[in-house]
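Here are a few notes to read alongside the model. Have it open and go through them in order.

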Amino acid sequence: MTASFVTSYRGGLLAEDGYDLPWAFEPEHLQWRDSMRKFCTDVVESEAAQRSIEARFDPDLVRRAGKLGVFGLLAPTEFGGAGADIRTLCLTIEELAAVDSSLAVTVHVQSICVALLAHLAKDRPDLCRDILPSASTGETFISIGLTEPSGGSDAGNISTVARADGNSWVVNGAKQFITNSGTPFSRYVILLAAVGEKVQGRPPVSAFLVPLDAPGVTVGKSYPKAGWRSSDTHPLFFDNVRVPADALLSEPGRGYRDVLEFLTWARLPIAAMSAGLARGCLADTLRFVKERTSFGKPLGVHQAVAFQTADIAALASTARTLTFDGAWKYDHGLPIREAAAVAKLVASEAANKAAYIATQLQGGYGFIEETAATRHHQDARILTIGEGTSEVQRMLIARSLGLAV
Ligand SMILES: Cc1cc2nc3c(=O)[nH]c(=O)nc-3n(C[C@H](O)[C@H](O)[C@H](O)COP(=O)(O)OP(=O)(O)OC[C@H]3O[C@@H](n4cnc5c(N)ncnc54)[C@H](O)[C@@H]3O)c2cc1C
């Protein structure tokens, strides 16, 4: 940070920028943020309500986002990606979620799957060359299949089975709530499957790359969802799906560790989504309370309304600060297990409170599908559930405090 910046800095809280965090970013981060914001204003925002009402995944919008490079942010440059850091991804997700959480989660899942494949296949340049360039542009979507019908929080307790048979694996089982698995771009799922008998109640788990068009894979009917309505989510079924030996991406039995430990940082983009959504609530609420009048004056001049609007700003600021604290630490090689759990827990709960206040302050309009406040309220609800529920985050934090929960 330059001395001139420090002396000229005046602080402040802008609805459109969120709480500013001068320590967290380099100039390139802010340049990228500005180009994302322009894309969101020019291309994403205007139809977000309609897409959500119709629960319509929009392939053209995905193609336009792909041209900007959002899907390959975390892919290595040698395979067509940007080789960017987690702060860049979090800024991207934050900007998208301020106007359209459905597109934000579409980008989030593809980004983590691209990074995960690059990580698991780091010693297999041929595989990376085959898939990562088109995954980075968004022409090839990869999904992640962890959650099962029997439950997602107890993630290691996997019932889907992969059995070695000669020079191949045979997969049987089902996965539930899989994002990006039924779009026109969807080609693969990184699947976690049990590869042996349970030891102390847990099976050894491996990660496999399974093509979605392999015989025996069924992509089930799209879920009708309460939020993230224009994102794509399906169950997946595996009935004697035969994949070659090299579909195995992790050392046999180490898939759970290889995948879940690597993805500790993936809670941060969900915290960023929460920060963006809370900021979207703030911008929309400010507009509303300045325009609307009651008892002869603008709504925002009533102290109770002003205070609640201030609460949204404080919630958005808290979410943002914790998100980029975690992201900055990760980008500087510091451990983030606790920071990511705290950021995800606090930011997602804050987003829900912000969305509740935003809808309340808009009265009847806050209950009408076309309004941004209503959409944010719908989209907020999943944030305390996906990528580890609030209870799972509390479990991780409690364990870090030495409590054997
Ligand atoms: C729209 C959407 C998209 C998703 N995308 C994906 C995806 O792409 N890939 C994927 O693998 N999964 C995905 N998921 C699944 C998501 O990660 C899970 O829903 C989440 O992890 C919770 O699992 P569950 O729904 O099975 O709830 P459960 O694990 O059954 O939990 C139910 C409730 O019990 C609580 N609970 C469970 N155990 C405990 C405990 N020990 N102590 C206290 N409370 C506890 C939970 O916190 C929760 O409140 C998605 C889900 C949705 C809805």
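1. The ligand shell draws at least three residues from each of domain 2 (142–252) and domain 3 (260–400); those bounds come from an automatic or database domain assignment. Keep in mind that this is a predicted model, where local features need pLDDT of at least 70, side-chain atom pairs count only at pLDDT 80 or more, and totals for chains, interfaces and linings use all residues. Numbering runs from 1 along each chain as its sequence is written.

2. Around the ligand sit 22 residues, with Leu 146, Gly 152, Ser 153, Thr 389 and Glu 391 the closest (near means a C-beta atom, placed from the backbone, within 6 Å). β3 (141–145), β5 (168–179) and α13 (390–400) are the elements giving two or more residues to this shell. Helices here are DSSP runs of H or I with at least four residues, strands are E runs of at least two, both numbered from the N terminus.

3. What is the shell around the ligand made of, by class? Nine nonpolar, 11 polar and two charged residues. Ala, Val, Leu, Ile, Met, Phe, Trp, Tyr, Cys and Pro count as nonpolar, Asp, Glu, Lys and Arg as charged, and the others, Gly among them, as polar.

4. Now for a helix pair: the axes of α9 (residues 267–291) and α10 (residues 303–331) come within 8 Å and cross at roughly 155° (axes are lines fitted to C-alpha atoms over the stretch in contact, with angles from 0 to 180 degrees between N-to-C directions). Their contact has 18 nonpolar, five polar and two charged residues.

5. Overall, the protein has 13 helices and 11 strands. Its C-alpha trace spans about 80 × 50 × 45 Å along the principal axes.
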